[in-house]
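Trainee: I would like to go through this model one feature at a time. Could you take my questions in turn?

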Amino acid sequence: MKASNIGSKPTRRAAVAVVAGLVTSAAASIPKNVIEMDDAQIAAKIKTEGTQTRTALQAATVHGIQTPDDPIQTALNAQSALAVSTQITSPGSQLHEDLIGLTSAYMSQQLGVVTPSQLTLAGLQAAADEAKAKGERLWAAGDLFTTETLHLNCDLDMAGLTINYGGAGDAVVLGSMSEVSWRIAGSAPKAIYTGDRATNHDTVGIRAVNLNTARIYIPYIRSFGKGLLVWAESQGNAYNEFSIGHLDTNRVNMELDRNAGGWVNENVFFNGRYGHSTWYGTTRVPGTAHINMVYREGHHPINNNRWIKPSVEGNVAEFHAIFSGSYNIIDQARWESTEGARVRWAMTARYNTIHMGYGAQWVEEIFDDTSVIATTNQIYAPNQLRLVDYNRPVLVAENSNGGAVIAIQFPGSRAAGLSTYNGAHGASAAAVTYAHNFMLGRAAPGERERMLLNWVTGRTSFGPGGTTGPPAQFGWDSNNGGLSITGANLHMTAANSIGHPTNIGWRPGYIRARSGITPGVFTTAGRIDPVVAGKGTMIYDDDLDMPLWSDGTIWRDAMRNPV
């Protein structure tokens, strides 16, 4: 056979393939002169010699087709595979369209999943609408470039799809602007803004609107004016759970907002990286934030939302979080920033909490207009509690049991084996204790108090500590309507500008009275020892009816006569 004579027409290719099969097939029997013919001669021989040659060729062909690894079978398989592959990968071909139709029908009927017929905005939107109408799940993957908005209002598995958006509005709307969308679950698509970031202020990556009891994974949003916008349009956006992947270099990575009739509350946001590249700037760039709860006068306050372990890092954001509304909590966030993470308390923000997390103790607080100041917000951080209020109690500690019960304790250094509290006035490890009617302090764990301030009796007690309660008291004396000292004497214990030494210790240097000074009154036999009293001490002798003075040795009258 002359290979150079092989042509391109189907009959000639078939003839050549048949001859190749005859040559290599052990079961075939054909004269040698046929083997040496070219394809034109074979065709002529078939035409002139008729049945015998055709029968031999047919037998050889059947044998070749049925024999594994036979050149005829191999050639046919290769030609078939190439043809099928070309048809499958050629959009618009009948086989391509048939396979997509069959796949979509199978996934819908057997799996309850709707797939787009083609990866275009129109194809995705038609599939999304079909999934909503059927109550089925939408699946899509790949890359879509568009300037229009994709509306999704159904269960979805779209984490494998990236929306490359170059428009001026919302890339994706999840939910409905006109009704509440109930119990949507699944993965939203990734969204990347492909336009000019210098003018991206009004763009939104994903607008989650009017959702209720939804469970949504947000994988990735980058370079929009607002990354994830949780929006309420004249309805509630509430009771939802969002799992956050990465919100990257959006001017505001996440924002909670609403119109005049909408409310955003009872949502939980799990985890997530909130970050900025230095495209907008390097440090506290105006208008940038990680989490923003928008304040709008007269609107429903944003309330009772919670973030669990978000990572709000970096120096680019002007504010790492902006609080408005009430009872919103950011729990165990990562507040890492070499410039110090900043939190802004917007007007009327109240009862909001930052609870622990790396760097919480270095959070810097910024306040809006003090005429409507944020009140009763708090930051719990390692070794730190910050309470923010205005014109009302900052800290209220209450033990509802009543009586002399403990409200607050500061343990100090705790001795081994001692509990923080062991009785109202008993042995305790607490250095300082506050109750509803007293405050006491100890010098060492396990001792009795050395100082007790009791605002019920109006008296302060002092003592040596140890196992003995404080014996000395100073305070209001209801018997004489003045201040009194009981259980101890009053002494000056060191030199100072108003003290002078005596033989019994230091005494005040001067005593001035608006009226008179009354000395101690004694009988002659009951006078105190003039040596102990000290030089200059005055007393009144009631028997002699005169004042006396000590010269340090004896008592003398006003004429210096010994008495």
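Predicted model: local features only at pLDDT ≥ 70, side-chain atom pairs only at ≥ 80, totals over all residues.

Trainee: How far apart are the end C-alpha atoms of helix α7?

Mentor: Start with the length. Helix α7 covers residues 121-134, which makes 14 residues.

Trainee: Which strands do the buried residues of α7 pack against?

Mentor: First, the buried set: G123, L124, Q125, A127, A128 and A131. Buried here means under 20% relative accessible area. The buried residues of α7 pack against β1, β2, β3, β4 and β6.

Trainee: Which residue just after α7 takes a positive phi?

Mentor: Just after α7, the phi angle is about 70 degrees. The residue with that positive phi is G135.

Trainee: In the open sheet of four strands, which strands stand at the edges?

Mentor: The order is β40-β41-β42-β43, and the pairing is mixed. An edge strand here has a single partner, so one of its sides is left without a neighbour in the sheet. That describes β40 (520-522) and β43 (555-556).

Trainee: What is the bridge partner of S550 in β43?

Mentor: Strand β42 spans residues 546-550. β42 and β43 pair in the antiparallel sense, over two bridges. In β43, the partner of S550 is W555.

Trainee: How many residues apart in sequence are the parts that D157 and R137 tie together?

Mentor: The two side chains meet in a salt bridge, at 2.6 Å from N to O. D157 lies in strand β5 and R137 in strand β2, so the pair ties together parts separated in sequence by 20 residues.

Trainee: Are D541 and R527 buried or exposed?

Mentor: Their side chains meet in a salt bridge, 2.7 Å from N to O. D541 lies in strand β41 and R527 in the loop between β40 and α8, so the pair ties together parts 14 residues apart in sequence. The cut-off for burial is under 20% relative accessible area. Both D541 and R527 are buried.

Trainee: What is the relative accessible area of E336?

Mentor: E336 meets R334 in a salt bridge, with N to O at 2.8 Å. R334 is partly exposed, at 34%. E336 is partly exposed too, at 31%.

Trainee: How many salt bridges does a search of the whole structure find?

Mentor: We have discussed several, including D157 with R137 and R334 with E336. The search over the whole structure gives a total of 16.

Definitions and conventions:
Residues numbered from 1 in each chain as written. Heavy atoms only, no water. Expected span 1.5 Å × (residues − 1). Buried < 20%, exposed > 50% of the residue type's maximum accessible area, 1.4 Å probe, protein only. Contact = heavy atoms within 4.5 Å. Pairing = 2+ DSSP bridges. Salt bridge = Lys/Arg side-chain N within 4 Å of Asp/Glu carboxyl O.
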